[in-house]
Amino acid sequence: MKLRVGAITLLTAVVGAGVLFLGAGGRMSSPATWSLDAEVIEGCSCRLFCPCFFSGPDKDFCKFNNAFRVKTGHYGGVKLDGLKFWVSGNLGDDFSDGEIEVLLLTFEPSATQAQIDAISAILGEIYPVHAKQVLGPERSSIEWVNGPTTAMARRANGKAEITLTYEKGDDGQSHVVIRNLKYMGAKQNRGFHLARSKHRATVGDETYSFNGTNGFYIEIISSGTVKAMTSQAR
């Protein structure tokens, strides 16, 4: 997905059962340095390879599932190593203005509130867009497996699942990989390993399902400094 606008905060923190947006009643904390090295199993409703990285969706929507596994990471003093989380939603028909339709965030039950806040702040840097509606955070165990020919992730609550079948290169064994292509706001990546995806999700009142559409595995590496929201005293 290619954005032609400056960075617009996706969200800056998830507090308790809801999401606080910039200027929506939270208190700005001091700046925190952060870093993230994470693997993503990703699929969407577009054809392979997703045209959103160059122009826009091939339909009047781009509905997606992104399953994350953090290799190493931190936000200030908050460690993120090994954390798994999930982002589902719909980018809409045209997000060149930096606005998308809906997001649902899901975290493992073991994730602390500090880790949820940290990931939420970092996602605002990785995905520099504004969501009209943000749902969650929900809690669910997440199974995440990447193999030589396939990859899969599923949420134990039954609300989302994705399977990738990797495209083979000329040698019939290694993956087809796109390199030297930027992944959203991430500073680096180790290439898009292309795949056909089968995925589904329930986001709010809608359940969607796609088969044979765009998918890829990617490892992203990024870092920076960001101010996050903290909840006001209750």
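This is a predicted model: local features need pLDDT of at least 70, side-chain atom pairs count only at pLDDT 80 or more; totals for chains, interfaces and linings use all residues.
Reader: Start with β8 and β9. Do they pair in the parallel or antiparallel sense?
Author: Parallel. Strand β8 covers residues 99-107 and strand β9 covers residues 130-139. Seven bridges join the two.

Reader: Which residue is the bridge partner of Thr 106?
Author: Glu 138, in β9.

Reader: And how does the chain cross from β8 to β9?
Author: Through helix α1, residues 113-126. The β-α-β crossover is right-handed.

Reader: How far does α1 reach?
Author: From first C-alpha to last, 20 Å. That is close to the 20 Å expected for its 14 residues at 1.5 Å a residue.

Reader: Is that helix mostly covered or mostly open?
Author: Mostly covered. Ten of the 14 residues in α1 are buried.

Reader: Which ones are buried?
Author: Among them are Gln 115, Ile 116, Ile 119, Ile 122, Leu 123 and Ile 126. Ser 120 and Gly 124 are buried in α1 too.

Reader: New topic. How many disulfides?
Author: The count is zero.

Reader: What about Cys 62?
Author: Cys 62 is in no disulfide either. Its nearest cysteine sulfur belongs to Cys 46, 3.8 Å away.

Reader: Are those two cysteines, Cys 52 and Cys 62, buried or exposed?
Author: Cys 52 is buried, at a relative accessible area of 0%. Cys 62 is buried as well, at 2%.

Notes: Residues are numbered from 1 along each chain as its sequence is written. Side-chain values use heavy atoms; hydrogens and water are left out. Two strands pair if DSSP finds at least two bridges between them. Helices (H or I, at least four residues) and strands (E, at least two) are DSSP runs, numbered from the N terminus. A crossover is right-handed if, with the strands pointing away from the viewer, the path from the first strand over the helix to the second runs clockwise. The expected span of a helix is 1.5 Å times one less than its number of residues. Buried means under 20% relative accessible area, exposed over 50%, partly exposed in between (1.4 Å probe, protein chains only). A disulfide is a pair of cysteine sulfur atoms within 2.5 Å.
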